[in-house]
Amino acid sequence: MHKSIVLLFAAALALTPAAAQQQVRYLDPQDVAEAQRENVQLVAELGGAETGPRAAYAANVGRRVAAFSGIAQPGQALHFTTLNSAVENAFSVPGGYVYVTRQLMSLMDDESQLAFALGHEVGHVAGNHAHQREEVERELTWRALPEILLGQMMGGFGNRMALERALAVKLQALSFSREQEYEADTLGLRYMIAAGYDPAGAAQLLGALSRETALQGRVQGRKNRSIPEWALTHPLSENRMQRAIEEARQTGRLGRGLHNRETFLGQLEGMYVDDDPAQGMIDGPVFTHPDLRIQFQVPTGYLMSNGTYAVSVSGSAGKAQFSGGRANGSLDDYIMKVFQQIIRGQGQIAIARPERTTINGMPAAFSTARVNSNSGVVDVSVVAYQWDQQHIYHFAMLTQGGTGMGPFRQMVNSLRKITPAEAAAIRPRIIHVATVGAGDTLQSLASKMAYRNFQMDRFLTLNNLTANSRLVPGQKVKLVVYGTRRAAP
């Protein structure tokens with residue numbers, strides 16, 4: 001979300017279309033076709049799309065700022081999607097598709113901040129920034145090739161994992177240079193001012209992101225969640241907020257314009273925060289999927305990343321993935337097929353006949369093979385569980401040669417079926433917009449936050465408050481509370 005233009009010209013340029021948009025810009029038909037082809041898969045991989053009034057509202061704000069981008073027929077050329085994702089992010093692709101996550105929206109305080117986030121992404125499209133990063137994408141693809149090939153070799157869910165990795169590479173390549181990010185900031189400011197918004201929203205959003213980053217740094221040791229690579233598209237620069245304030249001041253419009261805070265907060269009411277139970281939930285070292293009734297615990301110090309088709313686990317002594325689903329045949333056949341796909345092209349490799357066992361009442365089988373890789377000898381272990389007559393789930397693990405399952409043995413033994421009562425007790429966290437009453441204090445409101453730790457820190461960060469802030473009766477604040485699950489579509 002950034003690009004750099006001399007501040008001296010900010011006031012003159014902010015009220016007119018960007019220099020690059022003096023001429024109407026048509027999107028490259030090849031980019032448009034590619035974006036259309038990839039949109040469905042991309043949305044599915046990143047948690048699905050929000051629907052209903054909230055999604056329509058965000059799209060309307062996007063179209064409002066995009067009208068001043070200089071892109072030809074922006075109402076038809078640009079498409080805005082709100083992703084059902086627990087990661088704070090916004091990004092765009094050259095073909096005119098712009099994405100913002102619900103988690104990022106939860107950090108915002110009013111509509112002007114949303115206008116800046118979407119305007120910034122439109123600025124990347126208008127500035128044709130992605131094509132300037134093609135060389136970076138080629139380099140990232142080359143570096144990720146072993147993992148992509150490994151996923152392809154695994155077949156089935158492995159193919160999906162390979163697609164997910166390839167998609168992560170594509171999105172990581174959108175991690176723009178500092179100059180491009182500053183430029184997109186400048187363009188986003190122009191668009192939002194032209195659309196009637198207070199440019200202060202730009203600095204306010206960047207400040208919210210900075211505070212959230214600092215907060216997560218304090219709680220990271222207790223989260224056990226890794227940030228997926230697709231979320232690293234906009235590294236936060238400490239200079240961005242100050243630069244945005246200065247550019248906004250140069251326009252003479254700072255503090256003037258729309259915020260539409262009441263309307264925006266009304267759209268946030270009831271919105272999911274953090275994980276969607278339908279996708280499984282990470283709570284410290286524990287992963288639980290209430291619909292599948294699956295639960296397991298990762299080793300201390302290991303991080304999880306919850307994808308659409310697999311949960312990835314990584315740490316200092318190895319990597320693992322949990323996946324599976326509908327399957328026919330025996331556990332032995334299943335394990336051998338996984339191995340055959342993993343080691344395809346590696347020549348003759350001895351695979352021990354799977355050993356049978358029982359784990360938490362479930363029939364299970366496991367085996368380990370030693371493989372020579374570019375990074376040395378590694379052990380590849382597969383443990384499969386007969387969940388029921390139609391479903392098999394498995395862990396695939398990579399560890400140092402000679403260690404077998406190594407640090408993952410306890411994780412393997414922790415997999416269990418939760419009870420229907422346990423599954424029913426799992427509820428999503430949602431945004432609730434509360435009105436401050438006469439007796440409310442920072443502490444009393446923070447105590448309502450649906451977290452076991454850092455309640456005050458989370459409440460202050462969510463609402464851009466400090467420990468010295470004074471609450472006023474009638475003031476609106478955001479809380480994260482437990483809600484009820486959405487009905488299945």
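Predicted model: local features only at pLDDT ≥ 70, side-chain atom pairs only at ≥ 80, totals over all residues.
Student: What makes strand 4 (residues 272–273) and strand 16 a pair?

Tutor: Two bridges join strand 4 to strand 16, and they run antiparallel. Two strands pair if DSSP finds at least two bridges between them. So the two bridges here meet the cut-off. Residues are numbered from 1 along each chain as its sequence is written, and side-chain values use heavy atoms, leaving out hydrogens and water.

Student: What joins strand 16 to strand 17 (residues 476–482)?

Tutor: Seven bridges do, and these strands run antiparallel. I431 stands opposite V480 in strand 17.

Student: Why is strand 16 (residues 429–435) called largely enclosed?

Tutor: Count its buried residues (under 20% relative accessible area, with a 1.4 Å probe and protein chains only). Five of its seven residues are buried, so the rest of the structure largely encloses strand 16.

Student: Why are helix 3 and helix 6 called oblique?

Tutor: The axes of helix 3 (residues 53–66) and helix 6 (residues 111–126) cross at roughly 60 degrees and come within 9 Å. Angles under 35 degrees count as roughly parallel, over 145 as roughly antiparallel, 65 to 115 as roughly perpendicular, and the rest as oblique. Helix 3 and helix 6 are therefore oblique to each other.

Student: Which residues of helix 3 meet helix 6?

Tutor: Y57, A58, V61, G62, R64, V65 and A66 do. Their partners in helix 6 include L114 and L118. Contact means heavy atoms within 4.5 Å.

Notes
Axes fitted to C-alpha atoms, helices over the stretch in contact; angles between N-to-C directions. Helix = DSSP H or I, 4+ residues; strand = E, 2+ residues; numbered from the N terminus. Buried < 20%, exposed > 50% of the residue type's maximum accessible area, 1.4 Å probe, protein only.
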